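Please look over the entry first.

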Amino acid sequence: KNAIVKKVIEFSRSKIIISLITLSVFFFVTCIDESPEKKEAVTIPESTINRQDFAGSASCASCHKDIYQSHLTTAHALTSRLASAESIAGSFEAGQNMHSYNSNVLVAMEKRDSGFFQVEYVNGVQKRSKRFDISIGSGTMGQSFLTWDEQGRLFQLPITFFSAANQWSNSPGFANKPTFNRVITSRCLECHTTFAQTLSLPKKEPEQFNRNNMILGVECEKCHGPAASHVAFQTSNPTDTTGKNIVNPATLSRQQNLDLCALCHGGRLQKTKPSFEFVVGEELHDFFKIDTATTDPNEIDVHGNQYGLLRASECFRMSEMTCKSCHNTHQNEKNKPVLFSQRCMSCHTVQQKNFCTFKDLPSTTLIKNCIDCHMPQKPSRAISVFVSGQQTPMSALIRSHYVAKYPDETKKFMNSFRKK
């Protein structure tokens with residue numbers, strides 16, 4: 001085994017080495033960003049939401065089969081899953097299955113008879129091993145992984161899969177050594193699952209969870225509310241098509257719709273009530289202290305606060321648009337600029353005299369891609385990594401939700417168009 005480990009170490013030195021020393025946020029942005037010294041003391045009552053209130057998304061399939069099936073392919077649905085060969089993006093093949101901290105210490109990703117593990121080796125000797133229990137993230141930017149302990153507590157594993165480099169790397173914000181004790185809180189789970197039952201008292205940390213009462217993924221009931229009573233009624237009254245005991249977001253006010261998305265895409269939120277207590281249709285400020293100090297779009301990172309960037313946009317301020325004006329959460333619409341540009345055209349038309357005034361390209365071209373000029377991909381200050389041989393960090397490029405004029409981006413778009 002020592003010879004194999006030595007070979008893996010030698011292999012790793014020839015590969016790109018990712019350093020995440022300056023990486024403050026990747027997944028669990030809210031959890032990592034809220035250090036205790038930044039927060040005022042808040043008394044959190046016990047939760048009133050129970051697992052019995054939820055039906056589970058599979059129960060939706062009998063009446064909403066097409067929507068249910070398409071939703072399964074979305075990043076929301078894939079944001080947390082039981083760890084398996086299908087849900088873990090990184091390789092377990094020899095030579096591609098490890099991250100080396102130095103010449104003596106490495107963590108290898110290993111498939112064993114009892115599951116998948118992250119295994120720490122020091123000088124070729126196994127020191128610790130922890131199971132992959134939950135995969136976090138769809139894999140577009142990467143994935144982090146959670147492991148259970150015997151007391152029902154969750155911890156983030158030290159190794160993350162970083163998609164941009166297509167390899168394993170040190171998890172975000174971790175010291176440059178194997179660390180297996182980063183605690184996962186209910187607030188982390190609130191944005192990456194539909195429901196998780198906390199067993200421990202509100203003030204007890206680390207929190208304990210009932211692993212059998214957890215609904216992974218951001219599923220139907222996250223946006224429509226707990227549906228057990230809805231399913232029970234519709235099952236008993238199959239001819240009643242009015243949709244009892246369920247929330248249709250289309251009937252909500254603009255702010256109610258925005259609050260639903262801002263729960264996880266609204267920047268730093270400090271909860272004043274238990275996680276999962278907020279339900280679609282309620283007002284976010286009744287459950288959280290909301291950071292409203294930062295309104296300058298230049299100070300808001302493109303990762304983690306899309307709502308803050310959108311709210312600063314003239315499009316948002318001059319209309320009644322919400323997140324779902326552009327996003328169909330039932331469909332996987334990633335990397336479809338033509339589709340999103342068509343939605344821009346629903347408001348920006350020649351007839352209304354608010355169509356793009358750029359004259360150097362024909363309108364037939366402009367209507368196919370408003371996005372790269374007015375919502376360009378921008379480097380994230382939160383998600384940046386050092387690559388071997390480089391003196392400056394490499395940042396992940398994320399689509400900005402600050403809709404505006406970007407002259408430099410327009411020039412790039414023009415140059416790329418002329419080269420075609």
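Predicted model: local features only at pLDDT ≥ 70, side-chain atom pairs only at ≥ 80, totals over all residues.

Reader: Where is Pro206 found?
Author: Helices (H or I, at least four residues) and strands (E, at least two) are DSSP runs, numbered from the N terminus. The peptide bond from Glu205 to Pro206 is cis, with omega near -5 degrees. Pro206 belongs to the loop between strand E13 (193-198) and strand E14 (209-216).

Reader: Is Asn335 buried or exposed?
Author: Phi of Asn335 is positive, near 60 degrees, in a residue other than glycine. The loop that holds Asn335 runs between helix H10 (314-317) and helix H11 (337-344). Buried means under 20% relative accessible area, exposed over 50%, and partly exposed in between (1.4 Å probe, protein chains only). With a relative accessible area of 67%, Asn335 is therefore exposed.

Reader: What is the relative accessibility of Asn245?
Author: Asn245 has a positive phi near 60 degrees and is not glycine. Its place is the loop between helix H7 (228-236) and helix H8 (254-265). Asn245 counts as partly exposed because its relative accessibility is 46%.

Reader: How far from Cys315 is the nearest cysteine sulfur?
Author: A disulfide is a pair of cysteine sulfur atoms within 2.5 Å, and a search of the whole structure finds zero. Cys315 is in no disulfide, and the nearest cysteine sulfur, that of Cys344, lies at 7.1 Å.

Reader: What relative accessible area does Cys191 have?
Author: Cys315 counts as partly exposed, at 27% relative accessibility. Cys191 is buried, because its relative accessible area is 15%.

Reader: How far apart are the end C-alpha atoms of H8?
Author: The expected span of a helix is 1.5 Å times one less than its number of residues. H8 has twelve residues, so it should span 16 Å. That agrees with the distance between its end C-alpha atoms, 16 Å.

Reader: Which elements do the buried residues of H8 pack against?
Author: The buried residues of H8 are Asn257, Leu258, Asp259, Leu260, Ala262 and Leu263. Contact means heavy atoms within 4.5 Å. These buried residues of H8 pack against helix H5 (186-192), helix H6 (220-224), strand E15 (269-271), strand E16 (288-290), helix H9 (306-311) and H10.

Conventions
Residues numbered from 1 in each chain as written. Heavy atoms only, no water.
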